[in-house]
Every structure is written in structure tokens, then in C-alpha cells.
Amino acid sequence: MKKSDFMKEFIVITFATLIVSAAVFFFLIPSQVSVGSISGLAMILGNIIPLHISIITFILNGLLLIIGFLLIGKEFGAKTVYTSLLLPLFLRIFEIWFPDFSSINGDPFLDMVCYIFVVSIGLAILFQENASSGGLDIVAKLLNKYFRMDMGKAMALPGMCVALSSILFYDKKLVVLSLLGTYLNGLVLDHFIFGLNLKKRVCIISEKEAEIRSFILNRLHSGATIYEGRGAYDGQPKTEIITIVDKNEYALLMSYLLKTDPSAFVTVYTVSEVIYRPKPRQIL
């Protein structure tokens with residue numbers, strides 16, 4: 001990796017961790033709603049351990065990192081270590097700068113909603129950089145590896161356990177908000193993570209196949225696959241073009257199709273992930 005690319009990635013990960021830390025300090029802690037996370041667990045333990053939440057978070061992250069390295073190994077890199085140590089550091093800075101901070105909204109539900117929205121932005125940026133905030137993500141990976149649980153359930157289970165444990169210290173309203181917040185946090189995070197990467201699989205049957213194929217290859221600079229088929233109604237041979245495009249390319253393609261062949265038969269599917277090995281460019 002080039003030095004400039006490394007510095008850019010370093011700055012982005014730091015900024016994303018700052019967003020996550022701010023969400024925890026300014027919204028999660030004042031609300032007392034234990035949305036399933038390592039910070040939520042630290043809040044609960046803070047009722048029986050006379051330490052700052054930042055210090056408890058640091059200790060928990062450190063223990064989970066050690067367990068992760070021992071049981072998972074190479075799946076953990078420098079990014080996970082960096083964010084896991086940086087998160088409690090930012091929390092400690094906020095604690096020093098705002099020693100008597102109270103809720104901005106004055107309502108636990110509004111604080112919870114703000115936390116979910118803000119933290120999801122930070123986590124989505126981290127995941128885009130192939131990083132995570134550590135904590136319960138490590139537990140989820142352990143469940144995935146040793147109990148064959150899919151990642152969605154593996155991430156939800158420890159989060160729900162943390163939310164349920166809040167019943168030991170908080171009233172029923174906060175417990176319900178914790179469970180609701182954990183569920184909504186997963187939904188919003190999925191939207192931010194997968195929504196940013198959604199692509200469209202467009203299948204086109206048209207008499208102007210050559211022009212459309214040329215547009216996809218030369219204007220969109222995308223790939224396509226050609227299938228030969230036969231219509232069930234008239235028995236005539238048909239050519240189907242299949243291409244996968246992003247949101248901007250999809251808008252351009254649909255606009256072109258409406259102008260070039262309004263009678264084209266088009267089906268569109270939403271694709272959440274594409275895995276492929278790019279072909280090397282040919283030098284002419």
C-alpha cells in the first residue's frame with residue numbers, strides 16, 4: 001500500500017472511530033439505554049465497578065482482543081487493535097472535556113434514536129475500510145467460527161444479552177428501550193452498510209442488442225453477459241444481455257433504453273454483494 005493511501009485510510013478510520021465514540025458519550029451514556037454493544041456492557045458494569053466507563057471499555061476491549069487473537073488468529077489485524085484502543089481513548093477525552101455532561105434531548109428514547117443513527121454512520125465507514133470497532137464484533141466472529149452461526153444472528157445474540165442484563169440495574173422502560181434499540185440498531189446498520197453497496201442486475205431482451213451492448217461496454221465501462229434463448233410464445237431466437245451496474249450507471253442505462261428501444265423487455269434485480277476477480281486491462 002502506498003504511503004498516501006495508508007495515511008488516508010488511517011485518517012478515515014480515526015474519524016469514524018471518533019463518530020462512534022461521540023455517539024456513545026453524547027447519546028448512549030446519558031440515555032442509560034444499554035443498546036447491545038461493548039459500551040453498553042461497560043455502562044452496566046459501571047453500576048458495580050467504581051471506574052470510568054472509558055476505562056471499563058478499554059479493559060473489556062483488551063480482554064476480547066486477547067481472546068480473539070488466541071481463538072481466531074489471523075482474522076484480526078492492526079485495524080481492529082487500533083480502533084479497539086482508540087475508542088476508549090476518545091471516550092476518556094470526552095469525559096475530561098465534558099465532566100458534567102447530561103442528555104442533550106432530555107429523553108431516553110430520543111437519545112437512543114440519535115445514538116443509533118450516529119453510531120451507524122461511524123460503523124458503516126469502518127466496515128467500508130475493512131475495519132470494526134472491536135468489542136462484540138469479536139464475540140460475533142467467535143460464535144460464527146465455533147458454532148456455525150451466520151453473522152447476522154451472531155451479532156444480534158450478544159447484543160440482546162447485554163440489553164437483557166440491564167434489567168439488573170434499570171427499570172422496565174429502559175430495558176424495553178435497550179432491546180428495541182439493539183434491534184433497530186441492527187436494521188439501521190444493515191441499511192447503511194448494504195445500502196451503500198447495492199447494485200442492480202439488469203436483464204435486457206431487445207432487437208437493438210448490438211447498440212445496447214456497445215453502450216454498456218464503451219459508455220458505462222461495465223461488463224455484460226450474453227445469453228441465447230428462444231421465446232416460448234413465438235419460438236423465435238432471443239438474445240438476453242445481463243449486466244450488473246451501480247446506482248448511477250443504472251440511471252444512465254435506463255435512460256438510454258427508454259430512448260433507444262422503449263419496447264425492450266427489461267427485468268431488474270437488487271444485488272447486495274458482487275464477488276469477482278477483475279480482468280487485467282489489455283494494452284493495445
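The protein has 10 helices and four strands, where helices (H or I, at least four residues) and strands (E, at least two) are DSSP runs numbered from the N terminus. Along the sequence they come in the order α-α-α-α-α-α-α-α-β-α-β-β-α-β. What you're looking at is a predicted model, in which local features need pLDDT of at least 70 and side-chain atom pairs count only at pLDDT 80 or more, while totals for chains, interfaces and linings use all residues. Residues are numbered from 1 along each chain as its sequence is written, and side-chain values use heavy atoms, with hydrogens and water left out.

**The overall picture**

- Of the 284 residues in the protein, 39% are buried; here buried means under 20% relative accessible area, exposed means over 50%, and partly exposed is in between (1.4 Å probe, protein chains only).
- Take the contacts between residues at least 6 apart in sequence: 71% of them join residues at least 24 apart. A contact means heavy atoms within 4.5 Å.

**Helix 10, end to end**

- Helix 10 covers residues 247–260, and its 14 residues should span 20 Å at 1.5 Å a residue. The expected span is 1.5 Å times one less than the number of residues. The end C-alpha atoms are 20 Å apart, so the model agrees with that figure.
- The buried residues of helix 10 are Leu253, Leu257 and Thr260. They cover an arc of only 75° around the axis, so they sit on the same side of helix 10; the arc is that of the directions from the helix axis to the C-beta atoms.
- On the face turned away from that buried side you'll find the exposed residues Lys247, Asn248, Leu252, Leu258 and Lys259.
- What do the buried residues of helix 10 pack against? Their partners are strand 1 (199–205), helix 9 (209–219), strand 3 (237–245) and strand 4 (265–271).
- At the start of helix 10, aspartate 246 has a side-chain oxygen that comes within 3.2 Å of the backbone nitrogen of asparagine 248.

**Tyrosine 250, a residue of helix 10**

- Tyrosine 250 is part of helix 10, and it counts as partly exposed because its relative accessibility is 23%.
- Leaving out residues up to four places away in sequence, tyrosine 250 touches Lys200, Val202, Val245 and Val268.
- Arginine 201 is 49 residues from tyrosine 250 in sequence, yet the two are 9.0 Å apart in space, C-alpha to C-alpha.

- Aspartate 261 lies in the loop between helix 10 and strand 4.
- It's a buried residue with no salt bridge, a salt bridge being a side-chain nitrogen of Lys or Arg within 4 Å of a carboxyl oxygen of Asp or Glu.
- The nearest side chain of opposite charge to aspartate 261 is lysine 208, 5.9 Å away. For charge, Lys and Arg count as positive and Asp and Glu as negative, while His and the chain ends are not counted.
- The side chain of aspartate 261 does make a polar contact with that of serine 206, at 2.4 Å. A polar contact is a pair of N or O atoms within 3.5 Å; within protein, one must be able to donate a hydrogen and the other to accept it, and residues adjacent in sequence count only if both atoms are side-chain atoms.
- Apart from neighbours within four places in sequence, aspartate 261 is in contact with Ser206, Glu207 and Lys208.

**The salt bridges**

- How many salt bridges does the structure hold? There are three.
- One joins arginine 92 and glutamate 95 (3.0 Å, N to O). These two are three residues apart in helix 4 (residues 78–97), so about one helical turn separates them.
- Arginine 92 is partly exposed, at 30% relative accessible area, whereas glutamate 95 is buried, at 15%.
- Another links arginine 213 and glutamate 209 (3.4 Å, N to O), both in helix 9 and four residues apart.
- Arginine 213 is partly exposed at 34%, and glutamate 209 is buried at 16%.
- Lysine 238 and aspartate 234 also meet in a salt bridge (3.7 Å, N to O). Lysine 238 is partly exposed at 32%, and aspartate 234 is partly exposed at 40%.

**A loop residue with positive phi**

- Histidine 221 is in the loop between helix 9 and strand 2 (225–230).
- Its phi is near 55°, a positive value in a residue other than glycine.
- Histidine 221 counts as exposed because its relative accessibility is 66%.
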